[in-house]
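Hi,

Here is the structure I promised to pass on.

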Amino acid sequence: MLGSGCGRLLGRAARVITGLWVRKMSSLGAGQKPLIAVCQMTSTSDKEKNFSTCSRLVQEASARGASMVFLPEACDYIGGSTEETLNLAEPLQGDLIQRYSGLARDSSVWLSLGGFHEKGSDWDKDRRISNSHVILDAAGNIVSIYRKAHLFDVELQSGITLRESGFTVPGGEIVPPVSTPVGKVGLAVCYDLRFPEISLVLSREGAEILTYPSAFTITTGLAHWEVLLRARAIENQCYVVAAAQTGLHNTRRTSYGHAMVVDPWGVVVAQCTDGTGLCYAEIDLPYLQRVRREMPVQDHRRPDLYGGITRKTSS
């Protein structure tokens, strides 16, 4: 067992680890492939309970030998109302990030906090937050912050209405990929998945792994989750890692789940099913380079026909 709600073994570039024991790799020797762990959970408004769940999953992943652990969007909490969501927000210098820093340090793993409710820079004036994807290294240091650019404002026929822009400030830049023990990681969050431009920028900037920590709705997840993740992997020839929220958060919100890893050929190599748990995959960068070498998609692009895609930078 990989933990409750964990999935299947597919493909060759990365694989789910199903053994009862995996040697902890503090440094990788020749031929060894770094191991990642991808989390699935059901956040509520109880921040202490959510942290306890994340801590247990991270410690389990560390014991299995994972070098980096990916947590989903809203791993800190999911509020039952806009007011509760705002009241629970913290700055990145607050207590909760400090506790995650300690968790990374004590577990000797890198952490992707897939979507942290960060108090905005003008909080005292407008009471708005950022949906911030934070990367911590194994010493507990913040090494990168991406603030979600595409905000989820939808009204679906199924009755789902979400207005993220009502309380969230959209991010203003794509951040460069982060060099980690598992490869160069490009940061995005959930709804960003529907906009391929961001992934094209990240892959052109050297990303080998694209991350989409998410809290997809049931309706959109059933229709689009897997096909979008596989598309981003295929068109960019990258690994795609998508930690996910699952199940009933409160009376107003339910998430699809199916945390997933897709390889550069578009094969789903690891997936969680129902409930809280982990799936594991090895990242095979020589295989990724072979895929790119044998089908050099990036070299075949025609910006002279459809224009350049440039990274927006902050002033």
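(Buried means under 20% relative accessible area, exposed is over 50% and partly exposed is in between, with a 1.4 Å probe and protein chains only.)

Before the rest, some housekeeping. This is a predicted model, in which local features need pLDDT of at least 70 and side-chain atom pairs count only at pLDDT 80 or more, while totals for chains, interfaces and linings use all residues. Residues are numbered from 1 along each chain as its sequence is written, and side-chain values use heavy atoms, with hydrogens and water left out.

The overall picture

The chain has nine helices and 16 strands. (Both are DSSP runs numbered from the N terminus: helices are H or I with at least four residues, strands are E with at least two.) Of the 315 residues in the chain, 54% are buried. Among contacts with a separation of 6 or more, 73% are between residues 24 or more positions apart; contact here means heavy atoms within 4.5 Å. The chain exposes about 13700 Å², and carbon and sulfur atoms supply 51% of that (Shrake-Rupley areas with a 1.4 Å probe; for residues, only the protein chains shown count as cover).

Aromatic pairs

Searching the whole structure turns up four aromatic pairs. (Rings of Phe, Tyr and Trp, the last by its six-membered ring, pair if their centres lie within 6.5 Å; planes under 30 degrees apart are stacked, over 60 edge-to-face, and the rest tilted.) Phe-51 and Tyr-100 have ring centres 5.0 Å apart and planes at 75 degrees, so this pair is edge-to-face. Phe-51 sits in helix α1 (residues 47-64) and Tyr-100 in helix α3 (residues 95-107), so the pair ties together parts that are 49 residues apart in sequence. Tyr-100 is buried as well, at 1% relative accessibility.

Elsewhere, ring pairs link Phe-152, Tyr-191 and Phe-195 into a cluster. Tyr-191 counts as buried at 17% relative accessibility, while Phe-195 counts as partly exposed at 25%.

Which residues of β4 (residues 129-136) are buried? Eight of the eight are, so the strand is largely enclosed by the rest of the structure. Both of its faces are covered: Ile-129, Asn-131, His-133 and Ile-135 are buried on one side, and Ser-130, Ser-132, Val-134 and Leu-136 on the other.

β4 runs antiparallel to β3, with seven bridges joining the two (strands pair if DSSP finds at least two bridges between them). In that pairing, Lys-119 stands opposite Ile-129. β4 is also antiparallel to β5 (residues 142-147), through five bridges, and His-133 stands opposite Tyr-146 there. β4 and β5 form a hairpin with five residues between them, and Gly-140 in the turn has a positive phi of about 90 degrees.

The six-stranded sheet

There is an open sheet of six strands in the order β8-β9-β10-β11-β14-β15, with mixed pairing. β8 (178-180) and β15 (268-271) are at the edges with a single partner strand each, so one side of each is left without a neighbour in the sheet. Within the sheet, β9 (residues 183-187) and β10 (residues 209-211) run parallel and are joined by three bridges; Gly-186 has Leu-210 in β10 as its bridge partner. Helix α6 (residues 218-236) lies across β10, β11 (239-242), β14 (260-262) and β15, at about 30 degrees to β14. (Axes are lines fitted to C-alpha atoms, for helices over the stretch in contact, and angles run from 0 to 180 degrees between N-to-C directions.)

Most residues other than glycine have a negative phi. Ala-74, though not a glycine, has a positive phi of about 60 degrees. Ala-74 is in the loop between β2 (68-73) and α2 (82-88) and counts as buried at 6% relative accessibility. Ser-108 has a positive phi too, near 55 degrees. Ser-108 lies in the loop between α3 and β3 (110-119) and is partly exposed, with a relative accessible area of 45%.

Cheers
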